[in-house]
Amino acid sequence: MTSGGTLKDRRVLVTGGTRGIGLATVRALVREGARVVTCYHRDQAAAGALAAEFSGAAEPPRIVRADVTDPAALERLAASCAEELDGLDVVVNNVGVDGSAPLAQLERAEWDRVLRTDLTGCYLVVQAVLGLLGEGASIVNVGASGALRGRPAAAHHGAAKAALIGLTRSLAKELGPRGIRVNTVAPGPVHDPDAPSLPPRALAGIRGMAALGRLAEPRDVADAVLYLAGDGARCVSGVTLNVDGGM
Ligand SMILES: NC(=O)c1ccc[n+]([C@@H]2O[C@H](COP(=O)([O-])OP(=O)(O)OC[C@H]3O[C@@H](n4cnc5c(N)ncnc54)[C@H](OP(=O)(O)O)[C@@H]3O)[C@@H](O)[C@H]2O)c1
C-alpha cells in the first residue's frame, strides 16, 4: 500500500510523533516529501532524538511540545501550523494511551485519563485546526482494532477507541460537504522491533491470533495512515481500516 507519491509538499500535523507509530508515520511522511509538524507531551529526549535524526533533511519535521488534552496548548500548536506551514492538508490524530484494570478496580481517575487522551484529545485537536483545513484535506485517527473485538480489563480503552470510530463517522458526514475526508486506522497489538515491550511468550500467543501469524509493526500502521492521507484514498471517508494481521 503506498500513497503514490501524492504527499509531496503536503502540510501534515502528526500528534505524538516522537515514538512508536507516530514516529514511523513522521519518518514515512518526510521520506515522501511532506512538510510535517509534530507534537509530544513529556519526553524531551525522544523529541531531541527526532530532531537530530532529521537535522540534515531538506524539510525536517517541526517538533512542538503540546498536550493534546490542553486547549490552550492546542491553540499554540495550531498557530505553529499556520505560521510554519500556512495551513494543513492532513491531520493524523495518533496520540493515545492504553490502560489495564478489571472493572471492579477501574478508578474514575484512570477512566477519565484514558477517555480524555484517546477521545477528547482527538475532538480538541480537530476543533483547534479546523480553520486550517481546506477542500481535499484528510483527517486520519488512530484507533485500535481491539475496540471492535473487546478486551478484558480494558473497558476504558475499548470504550474510548470504539467512540473514536463514531467520532470519525460523524465528522466524515459533517466535513464531507467541504471536501474533507475522515477515517480511522485501527492497529492490533503492535510489535516495535526497536523497543520490544512484550515478553516472547506473550508475543507468540498474540501472533497465533493473527491470520498472517505476525503482529503489525509501526511502519505497517504508518503505511496505512499514508494511504488514507493521500490521493489514492480520494473517495474513501468514514472507514475503519484494521492493521492487525487479520485478527
Ligand atoms: N502500540 C500498540 O500496540 C497499539 C495498538 C493499538 C492501537 N494503538 C494506538 O496507536 C497510537 C500510537 O500508539 P503508540 O503505542 O505508538 O504510542 P507511544 O509509543 O506510547 O507514543 C505516544 C506518542 O504520543 C505522545 N503523547 C502521549 N500523550 C500525549 C499527550 N497528552 N499530548 C501530546 N502527545 C502525547 C508521546 O509523547 P511523550 O513520550 O512525550 O509523552 C509519544 O510521542 C495510539 O493512539 C494507540 O492507542 C497502539
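A crossing of two helices is called left-handed if the near helix is turned anticlockwise from the far one by less than a right angle, and right-handed if it is turned clockwise. The model shown is predicted, so that local features need pLDDT of at least 70 and side-chain atom pairs count only at pLDDT 80 or more, while totals for chains, interfaces and linings use all residues. Residues are numbered from 1 along each chain as its sequence is written, and side-chain values use heavy atoms, with hydrogens and water left out.

**View A. Helix 1 packs against helix 8.** Helix 1 passes helix 8 in a right-handed crossing; helices are DSSP runs (H or I, at least four residues) numbered from the N terminus. Helix 1 (residues 20-31) and helix 8 (residues 218-229) pack at an angle of about 55°, and their axes are 8 Å apart; axes are lines fitted to C-alpha atoms over the stretch in contact, and angles run from 0 to 180 degrees between N-to-C directions. That angle makes helix 1 oblique to helix 8 (under 35 degrees counts as roughly parallel, over 145 as roughly antiparallel, 65 to 115 as roughly perpendicular and the rest as oblique). In contact, meaning heavy atoms within 4.5 Å, are Gly20, Ile21, Ala24, Thr25, Ala28 and Leu29 of helix 1 and Pro218, Arg219, Val221, Ala222, Val225 and Leu226 of helix 8. By class, this contact has 9 nonpolar, 2 polar and 1 charged residues (Ala, Val, Leu, Ile, Met, Phe, Trp, Tyr, Cys and Pro count as nonpolar, Asp, Glu, Lys and Arg as charged, and the others, Gly among them, as polar).

**View B. Helix 3 packs against helix 4.** The axes of helix 3 (residues 71-85) and helix 4 (residues 108-129) are 9 Å apart, at an angle of about 40°, and the two helices are therefore oblique to each other. Pro71, Leu74 and Ala78 of helix 3 make the contact with Leu124, Val125, Ala128 and Val129 of helix 4, which by class gives 7 nonpolar, no polar and no charged residues.

**View C. Helix 4 also meets helix 6.** The axes of helix 4 and helix 6 (residues 155-175) come within 8 Å and cross at roughly 15°, which makes helix 4 roughly parallel to helix 6. By class, their contact has 14 nonpolar, 2 polar and 3 charged residues.

**View D. Residues surround the ligand.** The 25 surrounding residues (a heavy atom within 4 Å) have Thr18, Arg19, Arg42, Asp43 and Asn94 as the closest. A polar side-chain atom of Thr18 lies 2.7 Å from an oxygen atom of the ligand, and a polar backbone atom of Val190 is 2.8 Å from a ligand oxygen atom; such polar contacts are pairs of N or O atoms within 3.5 Å.

Definitions and conventions
A polar contact is a pair of N or O atoms within 3.5 Å; within protein, one must be able to donate a hydrogen and the other to accept it, and residues adjacent in sequence count only if both atoms are side-chain atoms.
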